[in-house]
Amino acid sequence: MSWTWFHRLASPPYVYAFAARLTPWFAWPAALCILGGLWGGLVLAPPDYQQGDGFRILYVHAPSAWMSLMVYTTMAIAAAVGLIWRIKVAHAVAASCAPIGASFTFAALVTGALWGEPMWGTYWEWDPRLTSELVLLFLYLGYMGLRAGIEDTQRADRASAVLAVVGVVNVPIIHYSVVWWNSLHQAPSVMRLAKPTMPPSMLVPLLLMLLGFTLYFVAVLLVRLRGEVLGRERTASWIREVVSA
Amino acid sequence: MNAGTSAAGTLPAAHAAGTAAPAAASAAAASALEAAWLALLRDVQLAFRRRAQLVQPLAFFALVTMLFPLAISPELTQLRAVAPGVLWVAELLASLLALEFLFRDDAHDGTLEQYALSGQSLTWLMFAKTAAHWLLTGVPLALMAPLAALSLGVPVTALPGILLAVIVGSVTLSLIGSIGAALTLGLKRSGALLSLLTVPLSLPVLIFGARATQLAINGAPLLAPLELLAALAVLAVTLAPLAASAAVRISLE
Amino acid sequence: MRAFLDMGGYAAFVWPAYAVTFAVVVLNVVWARRALARARASARRRLSARSEGP
């Protein structure tokens with residue numbers, strides 16, 4: 001089995017160039033999917049039986065929540081790879097993920113709160129999903145805070161990697177405890193992201209949005225990654241050609 | 001450096017004992033345990049020379065507990081309703097404060113580096129340091145919880161259950177805290193960052209502990225949350241020293 | 001069109017939700033591109049400082 005592709009992915013100059021070439025292949029399909037999802041979700045999908053047009057917030061809340069979790073997991077995996085095999089590019093990936101994930105966690109919280117009014121008649125409910133999102137935001141902030149607090153890039157990479165791995169192990173535990181806590185107090189309703197019997201006209205735009213946001217994440221990640229990779233290479237010769245170009 | 005290294009000085013001896021019998025893994029394990037035990041004794045001895053420091057987290061706990069009646073109401077019925085939350089929040093905050101003592105002195109005088117370089121299992125040494133820290137701060141804090149509970153109008157019958165829950169919970173809090181402390185070793189103004197890192201990870205302890213306390217107050221059996229607290233403690237004991245030792249090595253590099 | 005903007009009475013919730021999400025989408029793109037530009041600028045500076053060195 002040839003491992004050259006693996007070694008190439010770990011090579012900063014290769015990644016810097018490759019990421020640039022790859023970005024449009026994710027950016028344009030992402031834009032298409034998101035536009036399609038918006039059209040389907042805002043225009044084509046019929047209003048919900050209970051919530052009327054209010055349910056359309058789903059089409060931005062669900063992708064944001066999905067992003068917040070998916071990005072954290074990606075970050076933790078990249079961090080683990082960087083820690084175990086000491087690959088700088090992996091650490092660069094993890095660093096690139098954090099601001100993206102944190103901002104979408106914030107979006108998930110705001111859209112979740114805005115959805116609260118049509119759903120429950122109140123802006124905030126300590127329901128398990130929203131509470132877990134809030135905790136996830138703090139996990140991101142902690143990760144970013146630790147990175148920011150350590151000057152040496154290598155120590156920052158490795159310390160935040162340990163934190164990310166510890167965090168990702170804790171996410172299911174925290175989520176379970178929040179669900180457990182919530183169930184004790186007979187919360188008025190649990191936010192259901194998707195009813196089991198969602199008609200295709202409602203489901204397809206949702207899937208399009210989820211796909212579109214995932215592609216968008218990769219595109220943005222690739223842009224950030226190039227900057228992170230560059231920052232970790234002090235004065236390697238390949239930078240000279242690339243930067244003065 | 002001389003005051004505290006009497007125990008650390010024997011680490012090389014234990015190390016030599018370990019390398020003298022390379023084929024016997026059990027000998028190495030025994031010396032790791034020996035080293036851990038010595039580290040624990042050392043930490044306890046040193047802490048007793050500065051007993052005044054140990055009182056600070058306890059005073060903080062009492063202070064925080066006192067804030068709530070003043071901020072809410074002197075009525076015991078109202079206080080009893082919020083007692084589980086107050087006790088556990090105060091417990092969490094006080095244990096955060098106490099974390100400062102875990103690595104500070106050893107990082108300062110180079111003992112931590114000695115531990116990392118000693119060839120002994122750093123994981124066991126981290127476990128020993130955290131265990132010592134728990135004995136010195138976690139247990140006293142836990143012993144204060146019943147007193148604080150009484151001041152919040154909790155019936156006497158609830159106290160044994162509360163004490164048990166807090167003791168088990170404090171084990172996990174100390175272990176999770178050791179990870180955060182190791183990651184932020186030597187950083188300036190790390191207090192807020194340490195809290196930001198440690199608190200989200202400690203939420204399950206807070207949730208199950210407060211629930212156990214509520215059940216104890218109601219006179220109901222609290223086995224379910226207690227078992228969950230115990231499970232968290234077991235998980236923490238197994239995994240946290242590993243993470244802490246990785247973090248210490250990274251911080252010392 | 002009016003009915004569309006009105007969102008069945010939920011306009012005050014639906015549109016801000018979309019606005020916030022798309023603000024975050026745009027922000028991330030801008031942020032990422034700025035970060036890359038800054039990294040390139042600082043790399044250029046490091047290289048020129050080196051070549052001008054003793």
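**View 1. Where chain A meets chain B.** Here 21 residues of chain A are in contact with 20 residues of chain B, a contact being two residues whose C-beta atoms, placed from the backbone, lie within 7 Å. On the chain A side, α5 (128-149) and α6 (153-184) each supply at least two residues. The largest share, twelve residues, comes from α6(A). By class, this side of chain A has 14 nonpolar, five polar and two charged residues. For the classes, Ala, Val, Leu, Ile, Met, Phe, Trp, Tyr, Cys and Pro go down as nonpolar, Asp, Glu, Lys and Arg as charged, and the others, Gly among them, as polar. Helices here are DSSP runs of H or I with at least four residues, strands are runs of E with at least two, and both are numbered from the N terminus. A word on the model: it is predicted, so local features need pLDDT of at least 70 and side-chain atom pairs count only at pLDDT 80 or more, while totals for chains, interfaces and linings use all residues. Residues are numbered from 1 along each chain as its sequence is written, with chains lettered from A and ligands numbered from 1 in the order in which they are written.

**View 2. Where chain C meets chain A.** Now 28 residues of chain C are in contact with 32 residues of chain A. The chain C side of this meeting has 19 nonpolar, four polar and five charged residues. Two pairs of chains touch, and the pair A and C has the most contacts. Chains B and C do not touch, and their nearest C-alpha atoms are 24 Å apart.

**View 3. Chain C by itself, with a look at C:Gly8.** Chain C has two helices and zero strands. Its C-alpha trace spans about 70 × 15 × 10 Å along the principal axes. The radius of gyration of chain C is 22 Å, whereas a compact globule of 54 residues would have one near 10 Å; this radius is taken over C-alpha atoms, and the globule rule is 2.2 Å times the number of residues to the power 0.38. Of the 54 residues of chain C, 30% are buried. Buried means 20 or more other C-beta atoms within 10 Å of a residue's own, exposed means 12 or fewer, and partly exposed is in between, with C-beta atoms placed from the backbone. C:Gly8 sits in the loop between α1 (2-6) and α2 (11-51) of chain C. C:Gly8 counts as partly exposed because it has 17 C-beta neighbours inside 10 Å. Leaving aside neighbours within four places in sequence, C:Gly8 is in contact with A:Pro47, A:Gly52, A:Asp53 and A:Gly54.

**View 4. A helix pair in chain B.** Helix α9 (residues 159-183) of chain B packs against helix α10 (residues 191-218) of chain B at an angle of about 175°, with their axes 9 Å apart. So α9(B) is roughly antiparallel to α10(B). The cut-offs for such angles are under 35 degrees for roughly parallel, over 145 for roughly antiparallel, 65 to 115 for roughly perpendicular, and oblique for the rest. Axes are lines fitted to C-alpha atoms, for helices over the stretch in contact, and angles run from 0 to 180 degrees between N-to-C directions. Among the residues that meet are B:Gly161, B:Ala165 and B:Gly169 in α9(B), and B:Leu201, B:Ser202 and B:Val205 in α10(B). The residues of this contact divide into 13 nonpolar, nine polar and no charged. In the loop between α9 and α10 of chain B you'll find B:Arg189, which has a positive phi of about 50° although it is not a glycine. B:Arg189 is exposed, with 9 other C-beta atoms within 10 Å.

View 5. Chain A has eight helices and zero strands, and buried residues make up 48% of its 245 residues. A nonpolar core is a set of buried Ala, Val, Leu, Ile, Met, Phe, Trp, Tyr and Cys residues joined through C-beta atoms within 7 Å. The largest one has 174 residues, and A:Met75, A:Ala94, A:Val162, B:Leu229 and B:Ala247 touch the most other members. Helix α4 (residues 88-120) of chain A gives the most to this core, with 18 residues. Beyond its neighbours within four places in sequence, A:Ala94 is in contact with residues including A:Met75, A:Ala78 and A:Ala161.
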